[in-house]
Amino acid sequence: MGDKKFIVEVEKAKESVNGKPSMGPVYRSLFAKDGFPEPVEGLESCWDIFRISVEKYPDNRMLGRREIVDGEPGKYLWLTYKEVYGIVMKVGFAIRSCGVEKQL
């Protein structure tokens, strides 16, 4: 992975001129080097990204933590997208059951 580049410079740095501060170069993801792609239909929030990921990859690993054995880090323990979704829904239902409602 050492020499792979995932960002590209799309605008050069600018020197300080007439009291205006200098600016560093502008970088962008390699996938958006020629401009930003059109938004994906149905993706309007972080929740949408998460929900669609759960639908597409329910059994893929999503959230991991290290098991501690005798005070030392051990193997990773993973939750899948589907398992994390279940936890998120339970937390949401618990909050709703306390009387918290959506506010606009």
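Reply: Happy to! This is a predicted model. In it, Arg-28 sits over the face of Phe-36, 4.4 Å from the ring centre.

Me: And which residue does Arg-61 lie over?

Reply: That would be Trp-78: Arg-61 lies over its face, at 4.6 Å from the ring centre.

Me: Switching to ring pairs, how many aromatic pairs does the structure hold?

Reply: There are four aromatic pairs. One of them joins Phe-50 and Tyr-85, whose ring centres are 6.2 Å apart with the planes at 35°, so this pair is tilted.

Me: Where do Phe-50 and Tyr-85 lie?

Reply: Phe-50 belongs to helix H1 (residues 46-56), while Tyr-85 is in helix H2 (residues 81-97). The pair therefore ties together parts that are 35 residues apart in sequence.

Me: Is Phe-50 buried or exposed?

Reply: Phe-50 is buried, with a relative accessible area of 14%.

Me: Which residues do ring pairs link into a cluster?

Reply: Trp-47, Phe-50 and Tyr-85 are linked that way.

Me: Last topic: how is the chain divided into domains?

Reply: Domain 1 covers 1-37 and domain 2 covers 46-98. Taken over C-alpha atoms, the centres of domain 1 and domain 2 are separated by 34 Å.

Terms used
Residues numbered from 1 in each chain as written. Predicted model: local features only at pLDDT ≥ 70, side-chain atom pairs only at ≥ 80, totals over all residues. Heavy atoms only, no water. Domains from an automatic or database assignment. Phe/Tyr/Trp six-rings, centres within 6.5 Å; stacked < 30°, edge-to-face > 60°. Helix = DSSP H or I, 4+ residues; strand = E, 2+ residues; numbered from the N terminus. Buried < 20%, exposed > 50% of the residue type's maximum accessible area, 1.4 Å probe, protein only. Lys NZ or Arg CZ within 6 Å of the ring centre and 35° of its normal.
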